[in-house]
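Hi,

Here is the structure I promised to pass on. Have a look at it first, and then read on for what turned up.

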Amino acid sequence: MKINFASPTGAQKLVDFEDERLVRIFYEKRMGQEVPIDTLGDEYKGYVVRITGGNDKQGFPMKQGVLVPGRVRLLLSDGHSCYRARRTGERKRKSVHGAIVGNDIQVLSVVIVKQGEQELPGLTDAIVPKRLGPKRATKIARFFNLDKKDDVRAFVVRREVTGKNGKTYTKAPKIQRLVTPQRLQRKRHLRSLKKRRTEAQKEAKAEYDAAVAKHAAERKAASAAHRAHKKAVKA
């Protein structure tokens, strides 16, 4: 079985374990479970990993929530994992592997949640810089520990790009959920529109209630006059 280790530092490493007895610690474990891997070797002593997925020997992926150790065929639609809908409303029956690890798994993906005593070369000792920075305004502020007075636009992460003509320029993402004076003005305008609509509805309801009451009073007076006229005719 091959195990793909992922480190919080951003590095990944694929290790092939030919001895099946070493990887038996993963058998009957489910996706999301944390497993100590001391038995894989002395260099893994103290390490704890979490199972994130994998593929069987035919390449079918493991799907979270399918509590079987083998392969099943499920009717999948847009939004499900292990499936990408090509058309709106499309559904398709696809073969997926269950979330329980068995001996038919070829590659198992794990992420390190606790580091052991020794460094793993090429995995825990290497730091891979992030290619892209945060895009949302609140996440940029949290990333740089900014105050509300600081301008988030000055701290957006830019990256250098070399064009086809050889010129180098920088690119930055469009900041999402950025609170600007224009946005605040638009919110005030929408709030005032809503308030005006509410007041207009109240006035319209008051006019309608007054008209209904007037109509009811007129009908009551007409009915009373009609009854009085009939009574006078009988007398």
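Let's start with Tyr44, which counts as buried because its relative accessibility is 6%, under the 20% cut-off. Keep in mind that this is a predicted model. Phe17 is buried as well, with a relative accessible area of 8%.

Those two residues belong together. The protein has four aromatic pairs by the ring-centre rule. In one of them, the ring centres of Phe17 and Tyr44 are 6.1 Å apart and the planes meet at 55°, so this pair is tilted. Where do Phe17 and Tyr44 sit in the chain? Phe17 is in the loop between β2 (12-16) and β3 (34-36), while Tyr44 is in the loop between β3 and β4 (48-56), so the pair ties together parts that are 27 residues apart in sequence. Phe5 joins in too: ring pairs link Phe5, Phe17 and Tyr44 into a cluster.

Another of the aromatic pairs is made by Phe143 and Phe144. Their rings are edge-to-face, with 5.0 Å from centre to centre and 85° between the planes. Are these two buried or exposed? Phe143 is exposed, at a relative accessible area of 52%, and Phe144 counts as partly exposed at 32%.

Now for the overall picture. The protein has nine strands and two helices. Reading from the N terminus, the order is β-β-β-β-β-β-β-α-β-β-α. The radius of gyration is 34 Å, whereas the globule rule gives 18 Å for 235 residues; the value is well over that, so the protein is more spread out than a compact globule. Along the principal axes, the C-alpha atoms fill a box of roughly 115 × 50 × 40 Å.

A few totals go with that. Of the 235 residues, 24% count as buried. The protein exposes about 17,600 Å², and 50% of that area comes from carbon and sulfur atoms. If you take the contacts with a separation of 6 or more, 52% of them are between residues 24 or more positions apart. As for charge, there are 54 positive and 25 negative side chains, and the centres of these two sets lie 15 Å apart.

What does Glu34 touch, beyond its neighbours within four places in sequence? The contacts are with Val48, Val49, Arg50 and Val113. Glu34 also has its C-alpha 6.6 Å from that of Ile51, a residue 17 positions away in sequence.

The other spot is Ser95, found in strand β6. Ser95 is buried, with a relative accessible area of 18%. Setting aside neighbours within four places in sequence, Ser95 is in contact with Phe60, Arg71, Val72 and Arg73. Between Ser95 and Phe60 there are 6.9 Å from C-alpha to C-alpha, although the two are 35 residues apart along the chain.

Lys194 gives you another distance to check. This residue is in helix α2 (residues 181-234) and is exposed, with a relative accessible area of 54%. From Lys194 to Thr9 you count 185 residues in sequence, and the C-alpha atoms are 49 Å apart in space.

Last, some backbone angles. Most residues other than glycine have a negative phi. Which phi does Cys82 have? The value is positive, about 70°, although Cys82 is not a glycine. You will find Cys82 in the loop between β5 (71-77) and β6 (91-97), where this residue counts as partly exposed at 31% relative accessibility.

Arg177 is another non-glycine residue with a positive phi, of about 60°. Arg177 lies in the loop between β9 (168-171) and α2. With 62% relative accessibility, Arg177 counts as exposed.

If you want a place to begin, go to the ring cluster of Phe5, Phe17 and Tyr44, and then follow strand β6 to Ser95.

Cheers

Notes
Residues are numbered from 1 along each chain as its sequence is written. This is a predicted model: local features need pLDDT of at least 70, side-chain atom pairs count only at pLDDT 80 or more; totals for chains, interfaces and linings use all residues. Side-chain values use heavy atoms; hydrogens and water are left out. Helices (H or I, at least four residues) and strands (E, at least two) are DSSP runs, numbered from the N terminus. The radius of gyration is taken over C-alpha atoms; the globule rule is 2.2 Å times the number of residues to the power 0.38. Buried means under 20% relative accessible area, exposed over 50%, partly exposed in between (1.4 Å probe, protein chains only). Contact means heavy atoms within 4.5 Å. Accessible areas come from the Shrake-Rupley method with a 1.4 Å probe; for residues, only the protein chains shown count as cover. Lys and Arg count as positive and Asp and Glu as negative; His and the chain ends are not counted. The place of a charge is taken as NZ of Lys, CZ of Arg, CG of Asp or CD of Glu. Rings of Phe, Tyr and Trp (its six-membered ring) pair if their centres lie within 6.5 Å; planes under 30 degrees apart count as stacked, over 60 as edge-to-face and the rest as tilted.
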